[in-house]
Amino acid sequence: MNEPFHEVVEGLANAKAPVFVTAAAGCGKTEAIVKAVAQSAGRQLILTHTNAGVAALRSRFRRYAVPESQYRVETIASWLLKYTSAYPSMSGFANPRPQGDDWGNVYPAAKSLFIYPFIKDVLQASYQGVFIDEYQDCTQNQHSVILNMCEYLPVRVLGDPLQGIFGFQNDPLVNWRTDVEQIFQPLPNLTEPYRWSKTNPDLGKQLAQLRDKLLNNDEIELNAYSEIEWHSWTEDREKEVCRYADITKSGTITGIHQWPNDAHSAAGRMSGKYQSVEEMDCKDLMSTASKIERWRSQGNYQAIGNEVKNFILKGCGNRAPFSDPNYLRTEFLRLGQGELKVISEIIEIITHDPNMQAYRHELFTEMKRAAQEFASGKWSTFDEAAYVVRYRTRVNGRKPENRVISRTLLIKGLEFDHAIVLYADKLQNRENFYVAITRGSQSLTIISISPSVHYSIIS
């Protein structure tokens, strides 16, 4: 690592005032956080936005054997929820298990709570400093809470405005120039493409060039880059490229779509070779769990069997086995007699049956765990057990499988050996495109209608 990197690490570790670092993708941001925490005095709080980011940070801390007593890593949402639900009368938020849009109410509640003087004592007794990763994805509501924290502890924020993709219409993202650069003190930028230095340095250099073009809002000619493999998009070509990569490339592979239905559909066409990553709300899990609980409360276990079958078919590329009335007949008979624990056995069989071509293992695994949790007797309703299972995943993070098809929102912060941008024309803007093209450390393949691409600036 070069001298600016060491200067950044030292500046982060010893910061007494709010500081910021601008870091391009793959340029050592996670490494800087981990090394700075290792050098910092006292326990540090590390916040990020996604469970993928939590998993990446924890993995890096373990790699460098940083004692767990020195840090706590959480998503901003989960960490703030603990405070708002612990003091509901002061925060005005009394829902310890938010779902969907309810999560958006956590941040105004935290803002109300964090103005109370006692919060300063609580934070200072718990931590000596705060690191916030991917700060470009902070919304204005989150930013307001962070500014309160700056009054109590040294806050270090790191991010890249070209990777800001998490904004909401009623809660826009921070403006890097006005909300970050004019409030926090700068440390040197991180621009050296370390992610590719040992695996494909030429790709790293070309991605740096692409970054400049995106920042200038220029049109990009993909054929001008020797390390980018380009293909003209058709659905069949997309399938061929992914299957060929599965056969010929070692290591991890991600295919990247913009929209959830596109990702699920693409994974479904791959005969179970690729898995589709679930959104953290996991609506298909929670919806089915609620239906199971409704039928359970009515004693209609035959209806539960139908719900489980429909649930399974949401994530299997081949439905033919279910046309055989004897397929899983014994298990569904047990389910019809009220044995809900058998759901976990059904899921286990499905995910290991190659004929079913299951491509949503994460969804199925969470349902399996929910059935096991409910059978333990700890929870009074099935949907409550499902919520607890998913909340654990939200807090603890998840590790994607070796072959996944997902969205920029869900793989942001993760690194794969090979990245395939599927139907790049559907990516909304340059920010999503930049996140997508910087996920692979060894190779990059882009499938688009034309080799000439041009993206709008995010609004």
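This is a predicted model: local features need pLDDT of at least 70, side-chain atom pairs count only at pLDDT 80 or more; totals for chains, interfaces and linings use all residues.

Residues are numbered from 1 along each chain as its sequence is written, and side-chain values use heavy atoms, with hydrogens and water left out.

**Stop 1: the sheet.** Six strands make an open, parallel sheet, in the order β8-β13-β12-β9-β11-β10. Strands here are DSSP E runs of at least two residues, helices are H or I runs of at least four, and both are numbered from the N terminus; strands pair if DSSP finds at least two bridges between them. Select 228-232 (β8) and 275-276 (β10): these are the edge strands, each with a single partner, so one side of each has no neighbour in the sheet.

Stop 2: Zoom in on S276, which sits opposite I405 of β11.

**Stop 3: across the sheet.** Select 201-215, helix α10, which lies across β8 and β13 (440-448) at about 50 degrees to β13. Axes are lines fitted to C-alpha atoms, for helices over the stretch in contact, with angles from 0 to 180 degrees between N-to-C directions.

**Stop 4: a helix pair.** Show α6 (106-113) and α8 (140-150), whose axes come within 8 Å and cross at roughly 25 degrees. For contacts (heavy atoms within 4.5 Å), pick Y107, P108, A110 and K111 in α6, which meet N141, Q142, S144, V145 and N148 in α8.
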